[in-house]
Amino acid sequence: MRRVNQSTRLKPVCIIGLGLIGGSMLRDLVAQGHTAYGYTHSRNGTRAAQRDGFDASNSLVDVLQRAQADDALIVIAVPFDAVAEILDAIQLHAPDCGITDVVSVKKPVYELVLARGMGERYVGGHPMAGTEHSGWVASKEGLFSHAAWVVTYDYALEVDRVPDCWSALFAQVCKLAAATGAEAVPVRVTPHDEAVARVSHLPHVLAESLALVGDKGGTLAQSLAAGSFKSATRVAGTDPALVRNMCETNAESLVRVLDEYVELLETARQDLSGPAPSMKQLSENGHRAYTRMNARSGARRESVSPIKISSRPVMRLHPGAPGWVQQLKQIESLGGRVEVF
């Protein structure tokens, strides 16, 4: 276990949900010398985490009461359909703790938070990292290395004066991301959901569809399937319940993106079904788009949405300082990263 740099020290972190994301976060935080513990409803998951040497419990009440006593930062790492129940439990058993989450949609979570009058205690988060596997056994140290970690700031735009406690919470969430090796990216909830519909949720729809089409080819298609097909269908291995949670809760944005995609497919079909079949337009336009995105992202790993530091502006920020919220808007417009001090 490493010694913690005092300038980046976190409050104790209480993680609600120890699956792939929550479990990987717990591993990273403990490895970096931070105090972190968690809850999972699964007895098997709890025992597995304990066997691996981590502080885990399957009593939500006990964990939240401990978080309240520790003044911990609570991380909600459960599927969206369980978020409301967890928020209600936090309200009851940890009424003074700051809250963040790692749910893949942000606007619906924020609405649940506001409906409970908990906006001052909440800063949303979403690490752009993952694999097609799930559960504690899928978690691993280093999952978030070089990944973008969305940190939302809508609340700061909606109040006349940003409370000091919220500014401090924003700083803690950015430090949490940094402690896992990720980079904090300020994004409002609506632009976030629109963006992930394009680069995260649509790929799940496509992977499921491609898997079905490939499967109809029977054993011959299976025996011939190579890297392109396997890469394109990889996330079809994700638990269907998790895919439903992602896509159904972001349906409005996802449908708009699907319309764009279907239009491209229809054009491609027309071009290929004529007397002189052609893939010229789609292949050339797609290649140019891929080149642009690759240049911007410097992508290096398929399991995360990593960044090349030299290609992204990184701004040091002091939450609570004059004009800091306007700085966040500027950084978001550039797709930049935040370092807090």
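Student: Where is A182 found?
Tutor: This is a predicted model. Look between a helix and a strand. The helix is α7 (164-179) and the strand is β8 (183-186). A182 sits in the loop between α7 and β8.

Student: Is A182 buried or exposed?
Tutor: Buried means under 20% relative accessible area. A182 has a relative accessible area of 7%. That value is under the cut-off, so A182 is buried.

Student: Which residues does A182 touch, not counting residues up to four places away in sequence?
Tutor: Contact means heavy atoms within 4.5 Å. Sequence neighbours up to four places away are left out. The residues A182 touches are then F144, A147, W149 and A177.

Student: How is the protein divided into domains?
Tutor: Domain 2 covers 193-297. Domain 1 is written as two stretches, 13-187 and 311-340. The division is therefore domain 1 (13-187 + 311-340) and domain 2 (193-297).

Student: What area do domain 1 and domain 2 bury between them?
Tutor: The size of an interface is often given as the accessible area lost when the parts come together. Here 15 residues of domain 1 are in contact with 17 residues of domain 2. Of the buried area, 52% is on carbon and sulfur atoms. The area buried between the domains is about 1200 Å².

Student: How many salt bridges are there between domain 1 and domain 2?
Tutor: A salt bridge needs a side-chain nitrogen of Lys or Arg within 4 Å of a carboxyl oxygen of Asp or Glu. The side chains of R234 and E132 meet this way, at 3.0 Å, N to O. The count between domain 1 and domain 2 is one salt bridge.

Student: R27 and D52 also meet in a salt bridge. Which parts does the pair tie together?
Tutor: The N to O distance between R27 and D52 is 3.2 Å. The pair ties together parts that are 25 residues apart in sequence. R27 lies in helix α1 (residues 20-31), and D52 lies in the loop between α2 (43-51) and β3 (56-57).

Student: How far apart are the closest N and O atoms of R116 and D88?
Tutor: R116 is in the loop between α5 (107-115) and β6 (125-127), and D88 is in helix α4 (residues 83-93). They are 28 residues apart in the chain. Still, they form a salt bridge, with the closest N and O atoms at 2.7 Å.

Methods
Residues numbered from 1 in each chain as written. Predicted model: local features only at pLDDT ≥ 70, side-chain atom pairs only at ≥ 80, totals over all residues. Heavy atoms only, no water. Buried area = accessible area lost by both parts, 1.4 Å probe. Helix = DSSP H or I, 4+ residues; strand = E, 2+ residues; numbered from the N terminus. Buried < 20%, exposed > 50% of the residue type's maximum accessible area, 1.4 Å probe, protein only.
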